[in-house]
Amino acid sequence: MLIKGVIQYAHHLLEESVSEGEIVIDATCGNGNDTLFLSKLVGDEGRVIGFDIQKEAIESTSHLLKEHKRTNMTLVHDSHAEMYKYVSSQATIGGAIFNLGYLPRSDKKIITKPESTIEAIDKILPILKRKGMIVLVVYHGHDGGKDEKKELLKHIIELDQKQYTVLRYGFINQKNNPPFILAIQKK
Ligand SMILES: C[S@@+](CC[C@H](N)C(=O)[O-])C[C@H]1O[C@@H](n2cnc3c(N)ncnc32)[C@H](O)[C@@H]1O
């Protein structure tokens, strides 16, 4: 077996924990790669709710999913912190992914922020199914990235170990602030 890269490993964790027919969340659609992955994973009976604060990201995600003839998604042009406006607080979520940082080839000043990322995580946790996972791919090399990494780790490290298993996965001999994964699994 070869060691999986961060995106590959993030998808692997979700493949192992999400079932067909479930509702899942892509908290940061960007160019739609994770939305497309989740859409296929949950199948036609499932649903992906995708969020992004940039219209451009929602449009390119919509375009990518149309290209792949996927229709089982709801794309929301709003912050993931506002998710209870779009996802019932009574719903059961099969899993979620956050790909933090900025939209590649776009404005590097529009980035995920610790307050809204943490607020969204705290909104998903109560409605996450048992054994479900929130997977975060933490990019932190850009301006503002260090701060988000610090705040996020501070928050996640405090999660009660009786209720959640928290994993950190990353490459410790890579240069230039390599991204790493944080995964929170509900027990
Ligand atoms: C690294 S990109 C995501 C890449 C994407 N998952 C893909 O597969 O292409 C991060 C995205 O998060 C979005 N974003 C930043 N703050 C956000 C927020 N509060 N709510 C939702 N999306 C946000 C940015 O606009 C950007 O498109």
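**Pocket, aromatic pairs and fold of a predicted model**

The largest pocket holds about 670 Å³ of space. A pocket is an open set of points on a 1 Å grid over the protein atoms alone, where a 1.4 Å probe fits, with protein on both sides within 12 Å along at least five of seven lines. Grid points are joined across faces, edges and corners, and the volume is the space filled by probe spheres set on the points. The model is predicted: local features need pLDDT of at least 70, side-chain atom pairs count only at pLDDT 80 or more, and totals for chains, interfaces and linings use all residues. Residues are numbered from 1 along each chain as its sequence is written, and side-chain values use heavy atoms, with hydrogens and water left out.

The lining of the largest pocket comprises 32 residues. Lining residues have an atom within 4 Å of a point. Asn99, Leu100, Gly101, Tyr102 and Leu103 lie nearest the pocket centre. By class, 13 lining residues are nonpolar, 15 are polar and four are charged. Here Ala, Val, Leu, Ile, Met, Phe, Trp, Tyr, Cys and Pro count as nonpolar, Asp, Glu, Lys and Arg as charged, and the others, Gly among them, as polar.

The protein chain contains five helices and seven strands. These are DSSP runs, numbered from the N terminus: helices are H or I with at least four residues, strands E with at least two. Along the sequence the pattern reads α-β-α-β-α-β-β-α-β-α-β-β. A compact globule of 187 residues would have a radius of gyration near 16 Å, and the 15 Å of the protein chain agrees with this. The radius is taken over C-alpha atoms, and the globule rule is 2.2 Å times the number of residues to the power 0.38. The C-alpha trace spans about 40 × 40 × 40 Å along its principal axes. Of the 187 residues, 53% are buried. Buried means under 20% relative accessible area, exposed over 50%, and partly exposed in between (1.4 Å probe, protein chains only).

Three aromatic pairs were counted. Rings of Phe, Tyr and Trp (its six-membered ring) pair if their centres lie within 6.5 Å; planes under 30 degrees apart count as stacked, over 60 as edge-to-face and the rest as tilted. One of the pairs joins Phe51 and Tyr86: the ring centres are 6.0 Å apart and the planes stand at 65 degrees, so the pair is edge-to-face. This pair links distant parts of the chain, 35 residues apart. Phe51 lies in strand β2 (residues 47–51), and Tyr86 in the loop between β3 (73–76) and β4 (93–99). Phe51 is buried at 0% relative accessible area, whereas Tyr86 is partly exposed at 39%.

Tyr169 and Phe171 are also edge-to-face, because their ring centres lie 5.7 Å apart with planes at 80 degrees. Tyr169 is buried at 17%; Phe171 is partly exposed at 23%. Together with Tyr9, Tyr169 and Phe171 form one aromatic cluster. Elsewhere, the charged end of Arg168 sits over the ring of Phe180, 4.0 Å from its centre. For this contact, NZ of Lys or CZ of Arg must be within 6 Å of the ring centre and within 35 degrees of the ring normal.

Backbone angles complete the picture. Arg105, a residue other than glycine, has a positive phi near 60 degrees. Arg105 lies in the loop between β4 and α4 (114–124) and is exposed at 76% relative accessibility. Lys131 also has a positive phi, near 75 degrees. Lys131 belongs to strand β5 (residues 128–138) and is partly exposed at 48%.
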